[in-house]
Amino acid sequence: MNSTPDVSVIIVSWNVRQRLEPCLRSIPAALGGLRGEVLVIDNASSDGSADAAQAHASEIPHLNVMRNQDNLGFGKASNMGLRQGRGEYLLLLNPDTALHPNAIAALVACAKNHHAAAVGARHVNLDGTPQPSVRRLPTPGAMALMLLKLHRVLPRLPVLQRYFARDFDYATTQPAEQVAGSCCLIPRWALEKIGHLDERFHHWFEDVDWCRRARGAGLAMCYCAEATVIHAGGTSFQQLASLARQRQFNRSLLHYVRKHHGPMVWALLTTLQPISLLLAATAAVTRVNRQ
């Protein structure tokens with residue numbers, strides 16, 4: 001009997017115990033008969049997340065909990081799982097998700113049928129309403145608007161409409177420029193061709209960067225309407241103060257810009273960072289005063 005798993009499910013956790021347990025419990029049914037293994041990479045959680053995950057070893061196929069002594073960030077911790085995983089397919093899955101039955105099997109079928117380098121799932125909110133999970137690759141203009149928070153007050157600008165893929169039909173399985181890293185299936189052949197996540201992204205933009213590298217190599221990404229995942233969204237990073245979140249977001253965005261758009265565009269967008277941080281700090285003070 002072949003003991004090699006079809007799918008390695010890789011979950012990076014950081015203080016998300018309440019979300020992590022339902023996520024783990026959803027995996028067996030989501031495999032739909034495929035052989036699976038689950039790797040939980042815990043980034044030094046203080047809420048017992050690692051112990052809670054280990055407690056599910058009897059019900060989760062081939063569960064391996066890896067405990068980091070420090071918070072290594074999403075990119076580096078994900079790469080630990082990608083290197084450890086033995087499956088023909090590797091599923092990056094956020095801990096604040098819960099998969100519908102047969103969701104993983106649907107992602108694998110989609111990857112095979114479309115020869116896709118990455119396959120993303122249909123995301124829904126906790127109340128079942130649709131959650132956008134596909135975007136087009138960002139342009140410098142879109143990233144400048146995000147730094148200035150103008151995507152919140154002027155969402156109908158054409159450059160933002162295009163970036164956020166407002167015209168995308170989530171009812172149909174189809175190609176996509178960028179799929180959400182919260183539930184993203186990568187065939188092993190694609191990982192070997194494109195390489196691992198860029199660990200210089202501590203959080204944010206590592207999935208955008210990977211999709212861009214794949215497209216640059218002539219590979220296609222695909223959105224799978226038949227695979228559904230419930231996604232709470234932002235559970236880990238809601239624990240950080242808004243200014244700290246903004247600093248991390250800016251750092252990743254600017255690294256992405258320098259890597260893919262060059263030093264001149266990077267220098268231009270860097271000048272917007274003080275304004276971005278000031279806006280984040282102002283918004284935080286306003287929220288506190290309203291409480």
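The structure holds seven aromatic pairs, where rings of Phe, Tyr and Trp (its six-membered ring) pair if their centres lie within 6.5 Å, and planes under 30 degrees apart count as stacked, over 60 as edge-to-face and the rest as tilted. This is a predicted model, in which local features need pLDDT of at least 70 and side-chain atom pairs count only at pLDDT 80 or more, while totals for chains, interfaces and linings use all residues. Residues are numbered from 1 along each chain as its sequence is written, and side-chain values use heavy atoms, with hydrogens and water left out.

**Aromatic rings**

- Trp 204 and Phe 249 form an edge-to-face pair, with 5.8 Å from centre to centre and 80° between the planes.
- This pair links distant parts of the chain, since Trp 204 is in the loop between helix H8 (188–194) and helix H9 (206–216), whereas Phe 249 is in helix H10 (residues 242–270), 45 residues apart; helices (H or I, at least four residues) and strands (E, at least two) are DSSP runs, numbered from the N terminus.
- Trp 204 is partly exposed, with a relative accessible area of 24%, and Phe 249 is buried, with 18%; buried means under 20% relative accessible area, exposed over 50%, and partly exposed in between (1.4 Å probe, protein chains only).
- The rings of Phe 205 and Tyr 256 have their centres 5.5 Å apart and their planes at 40°, so this pair is tilted.
- Phe 205 lies in the loop between H8 and H9 and Tyr 256 in helix H10, so the pair ties together parts that are 51 residues apart in sequence.
- Both Phe 205 and Tyr 256 are buried, and Trp 204, Phe 205, Phe 249 and Tyr 256 form one aromatic cluster.

**Helix packing**

- H9 and H10 pack at an angle of about 15°, with their axes 10 Å apart; axes are lines fitted to C-alpha atoms, for helices over the stretch in contact, and angles run from 0 to 180 degrees between N-to-C directions.
- That angle makes H9 roughly parallel to H10, given that angles under 35 degrees count as roughly parallel, over 145 as roughly antiparallel, 65 to 115 as roughly perpendicular and the rest as oblique.
- The contact (heavy atoms within 4.5 Å) is made by Val 208, Asp 209, Arg 212 and Arg 213 of H9 and by Tyr 256, Lys 259, His 260 and His 261 of H10.
- The axes of helix H5 (residues 140–147) and H10 come within 11 Å and cross at roughly 135°, which makes H5 oblique to H10.
- On the H5 side this contact is made by Pro 140, Met 143, Ala 144, Met 146 and Leu 147, and on the H10 side the residues include Phe 249 and Tyr 256.

**Buried positions**

- In helix H3 (residues 74–84), the buried residues include Phe 74, Ala 77 and Leu 82, and what covers the buried residues of H3 includes strand E3 (63–68), H8 and H9.
- Asn 68 lies in strand E3 and counts as buried at 11% relative accessibility; leaving aside its neighbours within four places in sequence, Asn 68 is in contact with Ile 41, Asp 42, Asn 43, Ala 44, Ala 77 and Met 80.

**Positive phi angles**

- Asn 15, in the loop between E1 and helix H1 (17–31), has a positive phi of about 55° although it is not a glycine, and at 15% relative accessibility Asn 15 counts as buried.
- Ala 165, in the loop between helix H7 (158–163) and strand E9 (174–176), has a positive phi near 50° and is buried, with a relative accessible area of 4%.
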